[in-house]
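The sequence and the structure are shown first.

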Amino acid sequence: MSRPNRTTGILALLGFAMLTVSLDQYIVVVALPEIGRGLGYSPQTLQAVISAYAVASAGFLLLGGRACDLLGRRRVLVAGLTLYAAGSLVGGLASTPTVLLVARAVQGLGGALVFPATLSLINTTFPEGPQRNRAVAVWGGTGAAGLVIGVLLGGVLTQTLGWESVFFVNVPLAGLALLLAFVLTPADGPREGGRRFDLPGALTVALGITLLVFALVQGPNLGWGSPGIVVSAVGAVLALAAFAVIERRSRDPLVPPRLLANRNLATAAAMAFLFWATFGSVLYFLTLYFQEVRGYDALRTGVGFLIPTAVVVSGSILSGRVVTRWGLRPTLVVALTIGALGALALGLAMSPDGSYPALIPGLILISVGDGVAFTAIFIAAGTGVDDREQGVASGIASTSTSIGAAVGLALLVLVSAAGTGGLAGESLRAETANGLSTAVLVIAGGIAATALLALNLRPDPARRAEPPCPRGLVTARLDLGQRS
């Protein structure tokens, strides 16, 4: 296979793998009511179906990224896809709430390996610059599409085949990606001598992040002062403090200090946190608005996401070219500003008696911002990072997204539900709409803050290196170009 064809095949595989694991983020959301009825979840425990995946995924993303650098990217990708397929199969066969939660945790662990493996493979296959920008755009486009397609597909499958199908559909998809991984990706070489895995650091950070995300996700349900949440929060602080001490003393730390000194990576990680706390929560609140306020069933809810799906995919794919032409910082500032305006319009349109057409302008604008910013943030995270550390850089950025999703949803759920206590019937429906509208307006403010944070990114190296050109020299260059 020639080099261009091989890299195209690798990119197609990595995009497909990203699409597969991204589907699960929201494919289950639409099926939650049916899952609750089928397995006997109470309204208070049903959210655990979502949080089990989020907690397991967040805790192991950084570990998965480091494993890519030390154990081999293909090995980690294969392991992640295997776990994801196994968890999906068990989830579809689950007959009790406990079995389903275990399956969801296994899916999350698989996703925590696949996400940094796919991104680090892209960043080491394609050289930094236009080629990598285009590749990350395809990867980001498939990932972003997976989030929204998951809502549509979840509605169709739940309506026609039952809730079990939202798990079974992942098995052939992950199986195909697993087969192609052996065919298309190059075999990993032997481990590099002198580099250690830093197992104590890996275990303490995984434990700390897992406990932190558990506390944030379950805090609104169990109560912030409940013993389980307090113990988890204290345990998270102690584990993360131990991780910091271990890292300072390690000869080969899990997170090399030079990576933290990379301003683009640090800024990208902070932006990824805010991105998922804001954009990442919109689908959740829109799903509630469609079903609880507008009375949509699962299928109609999925159809309601057709427009954002098309716009997000287009924005993500376009992002690579825009970054190459404009640079990271201008692209992100403009995209996030558009996204903030979209969230503002969307929040104002989410009224008790609002119509779907009234949502369309906001949906389009926020989806443009979502698609372009998602890709550009991960381009920034890999910029200026050595190939030997692309895995852990990917892990840092993706861990930030998971923590941001947990923090954002935990806080925004409190905002959206603030005035619904003790209400029922029409008054509950109206107040639910008002609460959801308020949450989306808060999201608009968070996206605007992310746009300000983007100003901290360094100008692109090519743009910094090229000094202003005198007018005469520009003319000479043009003449030479026309003669050649």
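## Domain arrangement and side-chain pairing

The C-alpha centres of domain 1 and domain 2 lie 19 Å apart. Domain 1 covers residues 1-184 and domain 2 covers residues 256-459; such bounds come from an automatic or database domain assignment. The model is predicted, so local features need pLDDT of at least 70 and side-chain atom pairs count only at pLDDT 80 or more, while totals for chains, interfaces and linings use all residues. Residues are numbered from 1 along each chain as its sequence is written, and side-chain values use heavy atoms, with hydrogens and water left out.

**The domain interface.** In domain 1, 41 residues are in contact with 45 residues of domain 2, where contact means heavy atoms within 4.5 Å. The size of an interface is often given as the accessible area lost when the parts come together. Here the two domains bury about 3500 Å² between them, 70% of it on carbon and sulfur atoms; this buried area is the accessible area (1.4 Å probe) that two parts lose on being put together, summed over both. Between domain 1 and domain 2 there are zero salt bridges, a salt bridge being a side-chain nitrogen of Lys or Arg within 4 Å of a carboxyl oxygen of Asp or Glu. Nine residue pairs, both members at pLDDT 80 or more, are in polar contact between the domains. A polar contact is a pair of N or O atoms within 3.5 Å; within protein, one must be able to donate a hydrogen and the other to accept it, and residues adjacent in sequence count only if both atoms are side-chain atoms.

On the side of domain 1 that touches domain 2, α1 (3-39), α2 (48-71), α4 (97-125) and α5 (130-161) each supply at least two residues. The largest share, 19 residues, comes from α5. Helices (H or I, at least four residues) and strands (E, at least two) are DSSP runs, numbered from the N terminus. By class, this side of domain 1 has 24 nonpolar, eleven polar and six charged residues.

**Salt bridges.** The structure holds five salt bridges, including those tabulated here.

| Pair | N to O distance |
|---|---|
| R37 and E34 | 2.8 Å |
| D69 and R73 | 3.4 Å |
| R429 and D353 | 3.4 Å |

R37 and E34 are three residues apart in helix α1 and therefore separated by about one helical turn. R37 counts as exposed at 61% relative accessibility, whereas E34 counts as partly exposed at 35%. Buried means under 20% relative accessible area, exposed over 50%, and partly exposed in between (1.4 Å probe, protein chains only). Both D69 and R73 are buried.

The salt bridge of R429 and D353 ties together parts that are 76 residues apart in sequence, because R429 lies in helix α17 (residues 425-453) and D353 in the loop between α14 (328-349) and α15 (356-382). R429 is buried at 19% relative accessibility, while D353 is exposed at 66%. Salt bridges that share partners join D353, E426 and R429 into one network.

**Surroundings of Q390.** Q390 is found in helix α16 (residues 390-416) and is buried, with a relative accessible area of 0%. The side chain of Q390 reaches the backbone oxygen of V385 at 3.0 Å. Not counting residues up to four places away in sequence, Q390 touches D69, R73, S120, N123, T124, R132, G382 and V385. Among them are D69 and R73, whose side chains meet in a salt bridge.

Notes: Ala, Val, Leu, Ile, Met, Phe, Trp, Tyr, Cys and Pro count as nonpolar, Asp, Glu, Lys and Arg as charged, and the others, Gly among them, as polar.
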